[in-house]
Amino acid sequence: MRKVSMTALILALILAFSQCSFADDVKIGSCIYRFSDAFMLRFRNAMSAETEREGASIFILDSQNDQTIQDQQVDELISSGVNVLIINPVDRMAAQNIIDKAKNANIPVVFINREPPAEILKTYDKAYYVGAKAEESGTEQGELLAAYLKEHPEYDKNNDKKLQFVMLMGENGHQDMILRSEYSVKALKDSGIVPVQIVGAIANWDKLQAMNMMNAFIMSIGSENIEAVIANNDEMALGAVEALKANDYNKGNPEMYIPVVGVDANASALDAMDRGEMLGTVLNDADGQGKAAVKLAAALVSGKDIKSDIKSLGYEITDNRYIWIPYQKVTRGEK
Ligand code: GAL
Ligand code: CA
């Protein structure tokens, strides 16, 4: 089954590459850890759009949340003749394998969204990372929640001058899971709030998992004992919102409201914010990151002075291998 689809893939690639003529002959091979991830869909669309603007070509594969599949896909992409890779690793700790493959083929590799450890990235001078600083998103998320709490002292339902909150976390070991969880709480503390985590759970960036967990927490803890929900991303925040709404919370009655914050600024979260169901989010700039990844890939293929090349495009390379795209707080006016 897999053999057949791989052969079909190579044929499709050869066809795709031979049908058009490319400005700089930039042929990008890309793998996304899982196509069903809402934020990564925005990322993919951004990369495709930028590739088109560049007059280059890109072939993007779904690694189906399986590192073994992704490793095979990288082999296939390389043998089909791509001259640069953009990889969203399934397991960022396993990036060495992919680097070794790229190195063997002597083509550059740009990692996105899941940051390989610096020691691994350093093993190849043509390995790069384009992403956003995880701690920044956590800090901004904590700050926007703190700003709301200060305006709304009634958040403290049990009047103990502390914030009892639920933390919904992304995939275990992901830099965004570790650092958003840490820095959101730190920002609350820094602004004078006393946060107390009543429960924390891993919902793998997933709305349904988060909804089920939140339902269980509401049952066991009682919604009246929850004063905020901090989610590592919007999908999980929206899952929590669904569970709250099923319990008549966050439906417009100010007495029945629990602030929920996420990260990403996906359209569905912005809609929920417009309806007053979710407090805020932090823009994870998929357009900026997708664009920068493709620009970097193209610059690497052209082989000129990458640093000044990239600078002229409005990006900066730090430590010889990183492009950082800033996060941005997003809130809506009070309802
Ligand atoms: C994060 C994003 C999540 C999820 C994850 C996948 O940056 O906030 O929603 O897409 O990346 O690696
Ligand atoms: Ca309290």
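Ligand 1 is surrounded by Tyr33, Asp37, Phe39, Asn113, Arg114, His174, Asp176, Arg180, Trp205, Asn233, Asp264 and Asn284, each with a heavy atom within 4 Å of the ligand. This is a predicted model, in which local features need pLDDT of at least 70 and side-chain atom pairs count only at pLDDT 80 or more, while totals for chains, interfaces and linings use all residues. Residues are numbered from 1 along each chain as its sequence is written, and side-chain values use heavy atoms, with hydrogens and water left out.

By class, this shell holds three nonpolar, four polar and five charged residues, where Asp, Glu, Lys and Arg count as charged, Ala, Val, Leu, Ile, Met, Phe, Trp, Tyr, Cys and Pro as nonpolar, and the others, Gly among them, as polar. Polar side-chain atoms lie 2.7 Å from an oxygen atom of ligand 1 in the case of aspartate 176, 2.8 Å in the case of arginine 180 and 2.9 Å in the case of asparagine 233. Taken alone, the ligand exposes 310 Å², of which the protein buries 99%, the areas coming from the Shrake-Rupley method with a 1.4 Å probe.

Aspartate 160 is partly exposed because its relative accessible area is 28%, whereas glutamine 164 counts as buried because its relative accessibility is 11%; buried means under 20%, exposed over 50%, and partly exposed in between (1.4 Å probe, protein chains only).

Definitions and conventions
Chains are lettered from A and ligands numbered from 1 in the order in which they are written. A polar contact is a pair of N or O atoms within 3.5 Å; within protein, one must be able to donate a hydrogen and the other to accept it, and residues adjacent in sequence count only if both atoms are side-chain atoms.
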